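Subject: Structure handover

Hello,

Here is the structure you asked about. Please open it beside this email and follow along.

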Amino acid sequence: MENLNIALIGCGMIGREHIERIQNRIRGAQIVAVCDVFEEGAKKGAEIAGAGTKVYTDFNEAINDPDVNAVVVTTPGQFHKGPVLAAIKAGKPVFSEKPLANTAADGKEIVEAEMAGGKHLVQVGFMRRYDRGYRQVKELIDSGKFGAPMVIKCTHRADGVADDYTTAMAVTDTAIHEIDVLPWLVNDEWDEVQCIMPKTNSKVKNALKDPQIMIMKTKGGIINMLEVNVNCGFGYDINCEVVCENGVVNLPCPSFPTVRYANEVSTKIEDNWILRFIDSYDVEIQDWVDHALKGETGGSSAWDGYVASITADALVKSQTSGVPEKVVTGGTPNFYKK
Ligand code: NAP
């Protein structure tokens with residue numbers, strides 16, 4: 001394969017971002033077809049992709065178009081399974097935005113289909129693995145200079161959320177990034193996870209519980225404390241500190257100047273996730289394209305996506321039970337061992 005001719009399924013917010021990205025900044029790939037259940041949405045996607053882009057409202061037709069040899073899925077999470085399975089069936093490499101699926105049951109179906117096909121075709125869009133800062137932290141930890149990691153302290157704070165954001169989404173939409181990136185960062189696997197609820201922010205006007213504290217233990221005994229706080233009101237604030245035996249490694253924040261003014265020292269906090277991780281999306285999609293052209297996958301596999309969904313299910317269970325819940329994966333199949 002010399003070039004990826006992509007059908008992009010789901011022309012919403014991030015779908016349109018990826019169309020623009022692929023057409024303008026990614027080598028070795030182009031969007032040749034777009035699909036959205038809402039025809040106007042698909043046409044909008046085609047407008048961004050440029051003249052000649054085919055427009056579909058049925059993802060099966062788009063994926064099986066003979067001019068298409070790769071697929072990007074950017075529908076909402078609960079609708080990832082259909083197009084991902086269709087791409088596997090067609091034998092075409094597929095990049096699925098995170099999460100791979102909204103439930104572990106759907107993730108399992110995808111993993112089983114991929115294994116049955118005998119070919120690695122699925123990459124999941126957990127872009128933090130491509131973030132420069134996380135990569136620097138991983139390099140330092142992997143150097144062994146600071147000894148073994150013991151404790152991780154993270155915050156995932158956002159300015160505010162839409163009215164339909166639910167308590168479970170704090171896990172399935174928000175913490176899902178830490179669920180995937182942290183085991184990769186410290187070369188471990190989740191063992192048990194617990195969610196506890198502090199006093200809710202008085203700005204919340206519906207049934208949402210916010211903030212939430214997630215305490216997550218790895219099989220190797222590392223404890224992560226994650227604060228999910230999506231009504232913080234001051235920006236998109238991602239922090240991660242890894243406490244090792246002989247030192248502490250902190251995720252670098254995007255570099256904004258420090259300003260001394262009016263008896264204060266201040267540094268800007270990023271407004272939103274698009275700006276905070278803008279560079280990592282480019283690196284991630286380019287890496288997917290480069291791997292797919294060689295018949296390979298990079299980044300998070302379908303198995304990683306499935307394990308993230310199992311972990312998310314356990315955390316959501318703990319939101320109600322209040323006690324630690326086990327993360328039971330049954331062990332990595334040989335097909336996915338690296
Ligand atoms: P969105 O704006 O709601 O866009 C989803 C689009 O997919 C909508 O246009 C929707 O059409 C369409 N769609 C739904 N079902 C479809 C189907 N069966 N076939 C074709 N099109 C379909 O959502 P978004 O915010 O872009 O998020 C999309 C995905 O990206 C989610 O999984 C989200 O978690 C992920 N995401 C990832 C990141 C990241 O940091 N990696 C950031 C943002 C989003 P209708 O509106 O007509 O239903």
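Below are some notes on the salt bridges.

One caution to begin with: this is a predicted model. A search of the whole structure gives 24 salt bridges. Here are some of them.

Start with R129. Its side chain forms a salt bridge with D180, with the closest N and O atoms 2.9 Å apart. R129 sits in the loop between β6 (122-125) and α6 (132-142), while D180 belongs to helix α7 (residues 169-186), so this pair ties together parts that are 51 residues apart in sequence. R129 and D180 are both buried.

R129 also meets D304 in a salt bridge, at 3.6 Å from N to O. D304 lies in helix α10 (residues 302-321) and R129 in the loop between β6 and α6, so the pair ties together parts 175 residues apart in sequence. D304 is buried, as is R129.

Next, look at K326. This residue forms a salt bridge with D191, and the closest N and O atoms are 3.2 Å apart. The pair links distant parts of the chain: K326 is in strand β16 (residues 325-326), D191 is in strand β8 (residues 190-196), and they are 135 residues apart.

D191 counts as buried because its relative accessibility is 19%. The cut-off for buried is under 20%.

Last, find the network. Salt bridges link E17, E20, R21, R25 and D282.

Best wishes

Conventions. Residues numbered from 1 in each chain as written. Predicted model: local features only at pLDDT ≥ 70, side-chain atom pairs only at ≥ 80, totals over all residues. Heavy atoms only, no water. Salt bridge = Lys/Arg side-chain N within 4 Å of Asp/Glu carboxyl O. Helix = DSSP H or I, 4+ residues; strand = E, 2+ residues; numbered from the N terminus. Buried < 20%, exposed > 50% of the residue type's maximum accessible area, 1.4 Å probe, protein only.
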